[in-house]
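This report describes the structure shown below, from its overall fold to selected residues and contacts.

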Amino acid sequence: MRKNTLILLCGISGSGKSTFRDLLVEKGMKCVCPDLIRKDLYGDENIQGDGKMVFSIAYDNMIIFGDAKEDVVFDATNITKKARQKIIKRAKNSFDFILCYYLNTPLPVALKRNSQRKRQVPEDVIFSQLKRFEQPSLDEGFEYIAVIECGFNDNLNDGRKVIEELENYYKKY
């Protein structure tokens, strides 16, 4: 029987999560992203709308993909243990492996990236995310945590290397 993987992306706004998500989607993973659900529901990712409904849809989609034995990347900030636990609790019966990719990005880099994109997150929100950020740990239920250092050069080679290493590891299963 095919084994499947859920990857939770973790990092402040502007850390590179969505860019990294796109690398994983290119590899064939399904994407669950509350921002994209907001865009579908409200026509604009910036409209927060009914957060409970947005995340309920995200969780439902994750489970549908997981039960179909698809690999999934969950693209949200996931900056607190509580937020990650909500996902892990729902996912544990649908996925064989639950991983965390933590994009560790210096604040100046995140702020610069944020200022250069169409959909900007207010800086005070990014500062608040950084203050509330809780380092992911294995005791949360992750099989593995990959820390991807996103420095000043905006080079995604580290991310590609992590993907390659994990693909080789999971080929054993």
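## Overall architecture

The structure is a predicted model. Its protein chain contains 7 helices and 5 strands, and the order of these elements from the N terminus is β-α-β-α-α-β-α-β-α-α-β-α.

Of the 173 residues in the protein chain, 43% are buried. When contacts between residues at least 6 apart in sequence are considered, 77% of them join residues at least 24 apart.

## The crossing of α2 and α3

Helix α2 spans residues 34–42, and helix α3 spans residues 51–67. The axes of α2 and α3 come within 9 Å and cross at roughly 115 degrees. The crossing in which α2 passes α3 is right-handed.

On the α2 side, the contact is made by P34, I37, R38, L41 and Y42; on the α3 side, it is made by M53, V54, F55, I57, A58 and N61. By residue class, this contact comprises 9 nonpolar residues, 1 polar residue and 1 charged residue.

## Aromatic pairs

The model contains 4 aromatic pairs. One of them is formed by F20 and Y101, whose rings lie 5.4 Å apart centre to centre, with 65 degrees between the planes, in an edge-to-face arrangement. This pair links distant parts of the chain, since F20 belongs to helix α1 (residues 17–26) and Y101 to strand β4 (residues 97–104), 81 residues apart. F20 is buried, with a relative accessible area of 0%, and Y101 is likewise buried, at 2%.

A further pair consists of Y59 and F74: the ring centres are 6.3 Å apart and the planes are at 25 degrees, so the pair is stacked. Here, too, distant parts of the chain are linked, with Y59 in helix α3 and F74 in strand β3, 15 residues apart. Y59 counts as buried because its relative accessibility of 11% is under 20%. F74 also counts as buried, at 0% relative accessibility. Ring pairs join F55, Y59 and F74 into a cluster.

## N78 in the loop between β3 and α4

N78 lies in the loop between β3 (72–74) and α4 (81–91). Is N78 buried or exposed? With a relative accessible area of 4%, N78 is buried, because the value is under the limit of 20%.

The side chain of N78 reaches the backbone oxygen of L9 at 2.7 Å. With neighbours within four places in sequence left aside, the residues in contact with N78 are L8, L9, C10, A83, R84 and I87.

## R90 in helix α4

R90 is found in helix α4 and is partly exposed, with a relative accessible area of 40%. A polar atom of the R90 side chain lies 3.0 Å from the backbone oxygen of K86.

Key:
Residues numbered from 1 in each chain as written. Predicted model: local features only at pLDDT ≥ 70, side-chain atom pairs only at ≥ 80, totals over all residues. Heavy atoms only, no water. Helix = DSSP H or I, 4+ residues; strand = E, 2+ residues; numbered from the N terminus. Buried < 20%, exposed > 50% of the residue type's maximum accessible area, 1.4 Å probe, protein only. Polar contact = N/O pair within 3.5 Å; in protein donor to acceptor, adjacent residues only side chain to side chain. Contact = heavy atoms within 4.5 Å. Phe/Tyr/Trp six-rings, centres within 6.5 Å; stacked < 30°, edge-to-face > 60°. Axes fitted to C-alpha atoms, helices over the stretch in contact; angles between N-to-C directions. Left-handed = near helix turned anticlockwise from the far one by under 90°. Nonpolar A, V, L, I, M, F, W, Y, C, P; charged D, E, K, R; others polar.
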